[in-house]
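Open the structure in your viewer and keep the selection tool at hand. This tour goes stop by stop, telling you what to select and what is there.

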Amino acid sequence: MNTLRIHPLVAALALALPAAGALAQKSATQAIDEYRQMLADGNPAELFEAKGESLWKARRGPRNASLEACDLGKGPGVVKGAFVELPRYFADTGKVQDLESRLVTCMEKLQGFNGAEVAKTAFGKGEMANVTALATWVAASSRGMSFNLPQDHPMERTFFEAGKRIFFMRGGTHDFSCASCHGEDGKRIRLQDLPNLTRNPGDGVGFAAWPAYRVSNGQMWTMQLRLNDCFRQQRFPFPEFGSDALTALSTYLGVNAKGAKSAAPTIKR
Ligand code: HEC
């Protein structure tokens, strides 16, 4: 007779109980972080990356041309490293541009698309969905590289200053600014940690994380759409696609993120 035999179920319970205890002690934000890590293994953003890469190479638009000669700031056709230096000044348009508006410029100049029409298209629709896929692939090509936005041109410095003002500008029904939610360390809304965007919030956080796939609505979001949603949280109307206000804000966030390693495209709640 073996008196030491233990019922398998009892053994399983004995093993499981300490684990259950640990689970109960885990904070909700820790649990969300783990959930994100689990999801990151199969980030659907990869599908958008693949779509973006084929769109870049495909002959499209009224001119039946590819985007392979597009200059994203590091010379025609150079994709790697471009994302971590945008927004920047472009001499051909005489403007500071972010990734998305620069892609629309290339679609217009190289492929003959009507840039104003593309800019008016809703996110997720028509050519705007293609801009999002392209932005996802371009961002992915700089994964792991450190943000280092140029600030040599006077207009780049002006955009930084304008972006800073917009970030701290209070208004709307709640008298909120971006800084109300993102101006200090350790802030949180419900279960969401709010990164402090007045300085480098760390690798793969804030500016260094978008475009991102959003699990909550199953959509791929670019930085412009992320910012629009935060204008909504601020109870503000959001600026038009490619507007100087959005580019200025991105310049401010991007310069602050100097040194942060890009993890885009990430997966977010
Ligand atoms: C009422 C609070 C609130 C205001 C005001 C607000 N945000 Fe946000 N912001 C959030 C929340 C909530 C999130 C999402 C956090 C999450 O889902 O994990 C977020 C996320 C972000 C992110 C992405 C952070 C990341 O690591 O993924 C950026 C960038 C950002 N906001 C910028 C801004 C800017 C710029 C403004 C001003 C135009 C602004 N926010 C105004 C609440 C706010």
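Two residues are in contact if their C-beta atoms, placed from the backbone, lie within 7 Å. Keep that cut-off in mind for the contacts along the way. Note too that this is a predicted model.

**The whole chain**

Show the protein chain as a cartoon. Ten helices and seven strands make it up. The chain has 269 residues, and 34% of them count as buried. Now think about contacts between residues at least 6 apart in sequence: 70% of these join residues at least 24 apart.

**Helix 4 and helix 6**

Select residues 99-111, which are helix 4, and residues 126-140, which are helix 6. Two packed helices are described by the angle between their axes and the distance between the axes. Here the axes come within 10 Å and cross at roughly 115°. The crossing is right-handed.

Which residues of the two helices meet? From helix 4, show Leu99, Glu100, Leu103 and Val104. From helix 6, show Val131, Leu134, Ala135 and Val138. By class, this contact holds seven nonpolar residues, one charged residue and no polar ones.

**The core**

Stay with Leu103, Leu134 and Val138. These three have the most contacts inside the largest nonpolar core, a set of 54 residues. Several elements give two or more residues to this core, among them helix 3 (45-57), helix 7 (154-168), strand 5 (212-214) and strand 6 (219-221). Helix 6 gives the most, with nine residues.

Center on valine 138. Set aside its neighbours within four places in sequence. What is valine 138 in contact with then? The partners are Gly52, Leu72, Val79, Ala82, Phe83 and Leu99.

**Lysine 51**

Move to helix 3 and pick lysine 51. Is it buried or partly exposed? Lysine 51 counts as partly exposed, because it has 18 C-beta neighbours inside 10 Å.

**Glutamate 161**

Go to helix 7 and select glutamate 161. This residue is exposed, because 12 other C-beta atoms lie within 10 Å.

**Helix 9**

Select Met223, Gln224, Leu225, Leu227 and Asn228, the buried residues of helix 9. What covers them? The cover includes helix 4, strand 6 and helix 10. Then step to arginine 235, which follows helix 9. Its phi is positive, near 60°.

**The ligand**

The shell has 24 residues, and the closest are Cys178, Cys181, Gln192, Cys230 and Gln234. Which elements give two or more residues to this shell? They are helix 8 (178-182), strand 4 (192-194), helix 9 (223-233) and helix 10 (244-256). Helix 9 gives the most, with five residues. Color the shell by class to finish. You will find 15 nonpolar, six polar and three charged residues.

Definitions and conventions: Residues are numbered from 1 along each chain as its sequence is written. This is a predicted model: local features need pLDDT of at least 70, side-chain atom pairs count only at pLDDT 80 or more; totals for chains, interfaces and linings use all residues. A residue is near a molecule or strand if its C-beta atom, placed from the backbone, lies within 6 Å of it. Helices (H or I, at least four residues) and strands (E, at least two) are DSSP runs, numbered from the N terminus. Ala, Val, Leu, Ile, Met, Phe, Trp, Tyr, Cys and Pro count as nonpolar, Asp, Glu, Lys and Arg as charged, and the others, Gly among them, as polar. Axes are lines fitted to C-alpha atoms, for helices over the stretch in contact, and angles run from 0 to 180 degrees between N-to-C directions. A crossing is left-handed if the near helix is turned anticlockwise from the far one by less than a right angle, and right-handed if clockwise. A nonpolar core is a set of buried Ala, Val, Leu, Ile, Met, Phe, Trp, Tyr and Cys residues joined through C-beta atoms within 7 Å. A residue is buried if 20 or more other C-beta atoms lie within 10 Å of its own, exposed if 12 or fewer, and partly exposed in between; C-beta atoms are placed from the backbone.
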